[in-house]
Amino acid sequence: MKLWGGRFTKPTNQLVDEYTASISFDQKLAKYDIQGSLAHVDMLSKCRIISESDAKTIANGLRAVASKIEAGDAVLSEDNEDIHMNVEKLLIDEVGTVGGKLHTGRSRNDQVALDMRLYLREALITISQLLVEVQQALHKQAKANLDTVLPGYTHLQRAQPVLFAHHMMAYVFMFQRDIERLTDSWKRVNKSPLGAGALAGTSFPIDRHYVAEKLHFDGICENSLDAVSDRDFVVEFLSNASLISMHLSRLCEELVQWSSAEFNFIELDDAFSTGSSMMPQKKNPDVAELVRGKTGRVYGHLMGMLTTLKGLPLAYNKDMQEDKEGMFDTVETLKGALALFAPMIETMQVKKEEMYAAVAKDYSNATDLADYLVGKDLPFREAHAVVGQVVLYSIQHNMYLLDLSLEEFQQFSPLIEKDIYDVLAPKAVVNARNVAGGTAKNRVEDQLTAAEGLIQKSLGWIQTHAEIVEGQS
Ligand code: ARG
């Protein structure tokens, strides 16, 4: 008979059992479910709702169930629908009918909300840690490439030269915001819904704050209806995960482009590339492509969750069981991508000469010629027009700006003197962008230093919060 079978006159249709069960995926929550139950049973005895000895028997039984599940020795069955009822059933098998006292003053509705929050807390820490590792790999590449110049692009047209270090650091700051979003969401995730019961609270004299403290929550959800129906913390996570995926995907696209023969700016390490089953010469950036591709499923889970929640009346509805697979898959997808990303970035070979050659063979120093004329008091708009003429002349004569003779330059403006050749050299062009946040070498060094501080701060957050999670019963 089902744990809730009392008011039923016949068994559930087999298809209903199969359709409504969540055990195939929510068994991932076993560890958290038992953590929550241990705190709950301790509170029940402290509040004299059950006896101390019953509580001890139940707690020991729960620990035995946890070891069995962990060892793969427990049978988790669809007959018991979900992880909550499977654990309860295993507990009763373990300790007898006293196990039936565990669910006093509690519902699966507050229980599942609790499990989701406990799970997500850990995920926030793990994903932040992996993001920091990606930042560290990018930072390392930046440090090694403070003299590497490549074309910077707008519209995928060569625009102005930048340092490769500058380009790497752009992603460091994107991932920094991603980490900050995750760590900021902690305060909304880390609240205890337990004690909300099915929806209205419970008639037992429970102590919600005691349970919350035991599980290292920052407090309790203030409203029981909200506590059991809120999944906006899941949506928030999926949204933050979507931004992470988007940032990863943009970097992936650059890696794919840069490793093509057309760009030839980097070579990914053999250990992070794959071959073709037919074309022996091929070396493909499959990892970058797949990370880019998996962005689709992460966005999909965000849209799925938002759509599932839309229009749901308070409080719990079975629809909400759909909160799990998307969240689990998103966590696994991010973990997989980020774990590969750090070593892939760290081992990639940066082709400095090829990058430099690309800068030398384009007109990305044209702005500097205009700025030079502005320095000689020509209004910028006029300088822009003059340089446009110079560029057109150069293109027609199959030359780059640095190939022009001084006489040729002076045909366009008598203001141009022979120091122009120093001004238009790629490194000079880069170092001229000596503004806070600019691509001049010393400004990029400032970014490296700033990022080191931010990374240390994240590592500090990760450590204290990992201790919080590990410290719980
Ligand atoms: N398996 C359910 C879920 O994941 C647990 C809560 C079920 N509650 C209920 N009243 N049927 O949402």
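**Entry 1: ligand contacts**

I began with Asn109: one of its polar side-chain atoms sits 2.8 Å from a nitrogen atom of the ligand. I count a polar contact as a pair of N or O atoms within 3.5 Å; within protein, one must be able to donate a hydrogen and the other to accept it, and residues adjacent in sequence count only if both atoms are side-chain atoms. Gln321 also places a polar side-chain atom 2.8 Å from a ligand nitrogen. For Arg108, I read 3.4 Å between a polar side-chain atom and a nitrogen atom of the ligand. I then checked cover: the ligand taken alone exposes 340 Å², and the protein buries 86% of that. Accessible areas come from the Shrake-Rupley method with a 1.4 Å probe; for residues, only the protein chains shown count as cover.

I note that this is a predicted model, where local features need pLDDT of at least 70 and side-chain atom pairs count only at pLDDT 80 or more, while totals for chains, interfaces and linings use all residues. Residues are numbered from 1 along each chain as its sequence is written, and side-chain values use heavy atoms, with hydrogens and water left out.

**Entry 2: the shell**

Which residues surround the ligand? I listed Ser22, Asp82, His84, Arg108, Asn109, Val112, Tyr316, Gln321 and Lys324. My cut-off for near is a heavy atom within 4 Å. Helix H6, residues 108-144, gives the most to this shell, with three residues. Helices (H or I, at least four residues) are DSSP runs, numbered from the N terminus. I sorted the shell by class and got two nonpolar, four polar and three charged residues. Here Ala, Val, Leu, Ile, Met, Phe, Trp, Tyr, Cys and Pro are nonpolar, Asp, Glu, Lys and Arg are charged, and the others, Gly among them, are polar.

**Entry 3: helix H14**

I looked at H14, residues 366-375, next. Its buried residues are Ala366, Asp368, Leu369, Ala370, Tyr372 and Leu373. Buried means under 20% relative accessible area, exposed over 50%, partly exposed in between (1.4 Å probe, protein chains only). What do the buried residues of H14 pack against? I found helix H15 (380-396), helix H16 (406-412), helix H17 (420-423) and helix H18 (426-432). Contact here is heavy atoms within 4.5 Å. After H14 comes Asp377, with a positive phi near 80 degrees.

**Entry 4: salt bridges**

How many salt bridges does the structure hold? I get 28. The criterion is a side-chain nitrogen of Lys or Arg within 4 Å of a carboxyl oxygen of Asp or Glu.

I opened the pair Glu236 and Arg188, at 2.7 Å from N to O. Glu236 is in helix H10 (residues 232-258) and Arg188 in helix H7 (residues 164-189), so I log a link between distant parts of the chain, 48 residues apart. Glu236 is partly exposed at 22% relative accessible area. Arg188 is partly exposed at 35%.

Arg292 and Glu253 form another salt bridge, 2.4 Å from N to O. Arg292 lies in helix H11 (residues 286-309) and Glu253 in helix H10, so this pair ties together parts 39 residues apart in sequence. I find Arg292 partly exposed at 29%, and Glu253 partly exposed at 30%.

Lys376 pairs with Glu417, their closest N and O atoms being 2.5 Å apart. Lys376 is in the loop between H14 and H15, Glu417 in the loop between H16 and H17, 41 residues apart. Lys376 is partly exposed at 26%, as is Glu417 at 43%.

Last, I traced shared partners: salt bridges join Glu81, Asp82, Arg108 and Lys318 into one network.

Key: Helices (H or I, at least four residues) and strands (E, at least two) are DSSP runs, numbered from the N terminus.
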